[in-house]
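The following note sets out numbered points for a colleague examining this entry. Please read each point alongside the sequence and the coordinates.

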Amino acid sequence: MGSVKEYFSSLGTGISSLIKGMGVTGKEFFTPKVTESYPDSRKGADPSEPRYQQYAAPRFRAKLQFIYLPDGRNRCTACGTCQRNCPNGTITITTKMVDLPDGKKKRKLDKYMYDLGSCTFCELCVTTCPFDAIEFSNDFEQAVFTREKLVQQLNYLPEQPGDPAPKAPAAAPKAAPAAPKAEAPSAPATEPEKKEN
């Protein structure tokens, strides 16, 4: 007798939980739907501005970028620390040698390539940079249609006029004109032997 009572009790509990769940589903079924045409219209703080840019949380890591100084220079010295610490080869740095005014040579950043598609956003590059030259931006809209567009050059600003420029390769010295061939000196003429009488 007790088993029959337990059966109907559990059956009633199941039916009541089913009705509660269907009530939530039914309420959402009759709620009017809103379709947002993203990214043409964005919902933001000011609904009157149709192209309002929304940002994620302040600590959100979206994309690596250079920190540029007010005069347009970046702080990167091409030391390669970020490239060595990147766990999957997202960063590729190429350098060039430049001649300083005092005659010394210095290694300088040529291209700083960043592959957003293979980045794990671990921030090891940012935390180990000794010059605070890079940071992660907060702009989360990084979707593109081709993978090639995910590879970007971060040092996009042109070099400043005061920056040392690479020395032009020295032209090969011109060969001196060949001197006319000197004729080999002829053997001195021998005097005829005098006959002794």
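1. M113 has Q153 of strand 5 as its opposite residue. In this predicted model, the pairing of strand 3 with strand 5, which spans residues 151–153, is antiparallel and comprises 3 bridges.

2. Strand 2 covers residues 91–99 and strand 3 covers residues 105–115; the two pair in the antiparallel sense over 9 bridges.

3. The hairpin of strand 2 and strand 3 has 5 residues between its strands. Within this hairpin, G103 adopts a positive phi near 95 degrees.

4. Taken together, 3 strands make an open sheet in the order 2-3-5, with antiparallel pairing. Strand 2 and strand 5 are at the edges and have a single partner strand each, so one side of each lacks a neighbour in the sheet. On average, and with direction ignored, neighbouring strands of this sheet are turned by 30 degrees against each other.

5. Is I93 buried or exposed? I93 belongs to strand 2. Its relative accessible area is 13%, and the threshold for a buried residue is under 20%; I93 is therefore classed as buried. The C-alpha atoms of I93 and Q83 are 7.0 Å apart, while the two residues are separated by 10 residues in sequence.

6. Which residues touch the most other members of the largest nonpolar core? In this core of 20 residues, they are L64, I91, Y112, Y114, C125 and I134. Two or more core residues come from each of strand 1 (64–66), strand 2, strand 3, helix 3 (124–128) and strand 4 (134–136). Strand 3 makes the greatest contribution, with 3 residues. In soluble globular proteins, nonpolar side chains tend to be buried together.

7. A nonpolar patch lies on the surface and consists of V4, Y7, F8, L11, I15 and I19, with about 600 Å² of accessible area together. One of these residues, F8, is located in helix 1, which comprises residues 2–29. F8 is counted as exposed because its relative accessibility is 51%, the cut-off for that class being over 50%.

8. For the chain as a whole, the model contains 3 helices and 5 strands. Along the sequence these elements follow the pattern α-β-α-β-β-α-β-β. The chain has 197 residues, of which buried residues make up 19%.

How values were computed:
Residues numbered from 1 in each chain as written. Predicted model: local features only at pLDDT ≥ 70, side-chain atom pairs only at ≥ 80, totals over all residues. Heavy atoms only, no water. Pairing = 2+ DSSP bridges. Helix = DSSP H or I, 4+ residues; strand = E, 2+ residues; numbered from the N terminus. Patch = residues over 30% accessible without salt bridge, like charges linked within 9 Å, V, L, I, M, F, W, Y side chains within 5 Å. Areas by Shrake-Rupley, 256 points an atom, 1.4 Å probe, with all protein chains shown as cover. Salt bridge = Lys/Arg side-chain N within 4 Å of Asp/Glu carboxyl O. Buried < 20%, exposed > 50% of the residue type's maximum accessible area, 1.4 Å probe, protein only. Axes fitted to C-alpha atoms, helices over the stretch in contact; angles between N-to-C directions. Core = buried A, V, L, I, M, F, W, Y, C linked by side-chain atoms within 4.5 Å.
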